[in-house]
Amino acid sequence: MLLLLLAAAAPPCREAPDARIWFSPAVPVAGQPLRLIVVSPSSGDITADGTPLPTIHRGYSHGADLTAPTAGSHRIEFSGVSCKTVVVQRRATPPVRSRNGPAWPTTAAWDRATEDFYAAWIEALFDAPPDESLSFPSLAPVIRDPKRNFLWGHLGLREDDPKNRAIASAEPDCADLPYYLRGYFSWKMGLPFAFRDCDRGATTRPPRCGTPLDNQQPVEAADPLSAFRKLLRVLANKVHSGSARTALDDEATDYYPVPLAREHLRPGVVYADPYGHILMIVKWQDQTPTAGGRLFAVDGQPDNSVARKRFWEGTFLFAQVAGAGPGFKSFRPVVQGTPLAGEALARDRRFAPFSPEQAKLSPDDFYARMARLINPQGLDAVAAYDETLAALVEQLETRIGSVDNGETYMREHRDAVIAMPEGAKIFETVGPWEDYATPSRDMRLLIAMNVLLALPDRVARHPELFRLGGRAAAEVRTELVALHDRRIRERAIEYRRTDGTPYRLTVADLLARRAAFEQAYNPNDCIEVRWGATPGTPDHATCRRHAPDDQRARMTAYRPWFHETRRPPR
């Protein structure tokens with residue numbers, strides 16, 4: 001009788017539109033973990049049948065687990081404002097294996113709730129404390145980790161088991177990475193997904209794209225996993241950096257530009273730089289009275305590694321060029337089988353609005369706008385310098401892994417010489433050169449060095465972006481110059497020379513080697529040269545390998561591109 005009275009007293013279970021509750025797997029089974037996530041801007045905790053669950057709080061969501069739920073109905077609540085009934089089955093239902101038709105059937109729709117869930121899923125995939133270095137050898141360890149991937153095993157097909165190879169090798173590069181994740185999420189949730197075959201553009205115009213392909217395309221496959229694998233193969237063959245560099249006012253594209261506003265720059269939004277590199281937002285860290293704000297993104301590299309980067313001028317390159325439409329962009333939602341165009345997006349409040357504003361900004365204006373978004377209260381000038389120095393060191397530490405991968409390849413292929421492409425193709429190619437050479441990374445490194453060196457002058461030029469404590473901008477600039485001279489001698493990295501011995505380089509050493517980094521990207525050179533060593537420097541003595549003379553001659557011819565930090569026309 002008491003149980004009946006308690007049940008009668010319980011309020012109706014209703015899910016609030018701004019606090020949606022999601023669960024995984026799609027068909028929960030008794031005794032097996034049930035993952036819960038609530039997408040809500042409000043703070044709160046998750047309970048199951050009235051019992052509080054340990055809740056992980058993130059910027060866009062709140063997560064909790066039921067480690068071994070019993071069979072039957074469970075009342076999941078979020079701080080009394082949202083409620084959902086989840087039915088747990090007594091035993092697993094064998095999934096249907098045979099199929100022949102679309103890559104996957106569309107059973108759900110993109111709307112505000114699913115876009116919010118997508119942002120929360122991306123944030124959880126790459127969640128880590130802001131000061132933690134986060135990198136992976138490929139995307140596979142991220143996707144195959146049920147603690148990161150909320151949708152791990154969601155379909156009940158053992159689809160994320162490495163033995164099934166449903167997700168193939170999960171080694172997308174920077175251009176493929178956002179598509180791979182959007183496609184994977186769409187597959188799991190039964191959402192529509194589309195992509196286009198684009199050209200790479202030209203010096204005088206951005207890339208242009210053809211008609212979209214989507215998940216409804218017929219696929220001959222024995223089972224759902226094979227069908228998804230086949231779509232991934234088509235995707236890998238069609239998608240490249242040109243897919244994101246399309247003009248901002250082009251409607252026949254996979255991405256569209258969004259306003260430079262915090263509510264629209266969400267996890268899952270991509271950043272396309274004018275020279276072909278693609279990053280994807282994964283986390284905002286709010287500014288506090290004692291610490292600056294940060295915007296984090298991840299990118300894929302030719303060596304298949306995936307790493308988290310912070311927003312700053314050294315990694316997010318921005319320039320107005322005729323051959324690209326750069327900036328922050330969102331995936332164009334597919335509604336009723338059609339990717340939405342700009343006019344429809346302007347009217348549809350379910351999605352971030354189309355905005356061409358980035359096309360009107362100079363680089364200086366763009367970075368100033370972003371600085372105000374990340375640190376709306378302004379950033380202490382010393383803290384700004386320390387953040388910039390930390391970002392440069394982070395970039396250098398990431399480069400250590402890339403250069404070491406090249407060294408490993410050369411040791412395993414002792415007599416090999418990696419062919420060097422001609423002209424601008426050194427930045428866009430395939431094969432070992434793409435995997436182990438670092439021309440794009442090194443140009444970004446040189447830009448990053450220039451940003452650090454120019455920071456004192458930037459404070460003087462844009463004092464409105466900084467908290468100066470009532471002092472004159474010129475006075476603060478002088479203090480930053482002195483601070484810079486000290487700090488660059490304190491921060492350092494360490495690499496291993498050809499003979500295996502460690503060698504320490506301070507940031508001051510590396511800045512002094514800037515000219516050498518204009519020709520340090522060739523994996524045919526020894527690792528000492530890759531780190532800027534020249535005859536006469538102590539670490540050069542162990543160098544045992546040099547690029548062929550014809551390659552060195554071409555590198556000398558291409559050196560002005562790096563000296564001027566200016567990518568050549570295609």
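## Cys526 and Cys543

Cys526 and Cys543 are both buried. In this predicted model, the two residues form a disulfide with their sulfur atoms 2.1 Å apart. The link of Cys526 and Cys543 is left-handed, with -105° about the S-S bond. The pair connects distant parts of the chain: Cys526 sits in the loop between helix H12 (507-512) and helix H13 (527-530), and Cys543 in the loop between H13 and helix H14 (549-563), 17 residues apart.

## Cys13 and Cys83

A disulfide is also formed by Cys13 and Cys83, whose sulfur atoms are 1.9 Å apart. The torsion about their S-S bond is about -95°, so this disulfide is left-handed. Cys13 belongs to the loop between helix H1 (2-9) and strand E1 (20-24), while Cys83 belongs to strand E8 (residues 82-88); the pair therefore ties together parts that are 70 residues apart in sequence.

Cys13 is partly exposed, at a relative accessible area of 29%, whereas Cys83 is buried, at 5%.

## Cys198 and Cys209

Cys198 is joined to Cys209 by a disulfide with an S to S distance of 2.1 Å. The link is right-handed, with 95° about the S-S bond. Because Cys198 lies in strand E11 (residues 194-198) and Cys209 in strand E12 (residues 209-214), the pair ties together parts that are eleven residues apart in sequence.

Cys198 is buried, with a relative accessible area of 7%. Cys209 has 17% relative accessibility and counts as buried, because the cut-off is under 20%.

## Overall pattern

The structure holds three disulfides. With bonded cysteines counted along the chain, the disulfides follow the pattern 1-2, 3-4, 5-6.

Technical notes:
Residues numbered from 1 in each chain as written. Predicted model: local features only at pLDDT ≥ 70, side-chain atom pairs only at ≥ 80, totals over all residues. Heavy atoms only, no water. Disulfide = S-S within 2.5 Å. Helix = DSSP H or I, 4+ residues; strand = E, 2+ residues; numbered from the N terminus. Buried < 20%, exposed > 50% of the residue type's maximum accessible area, 1.4 Å probe, protein only.
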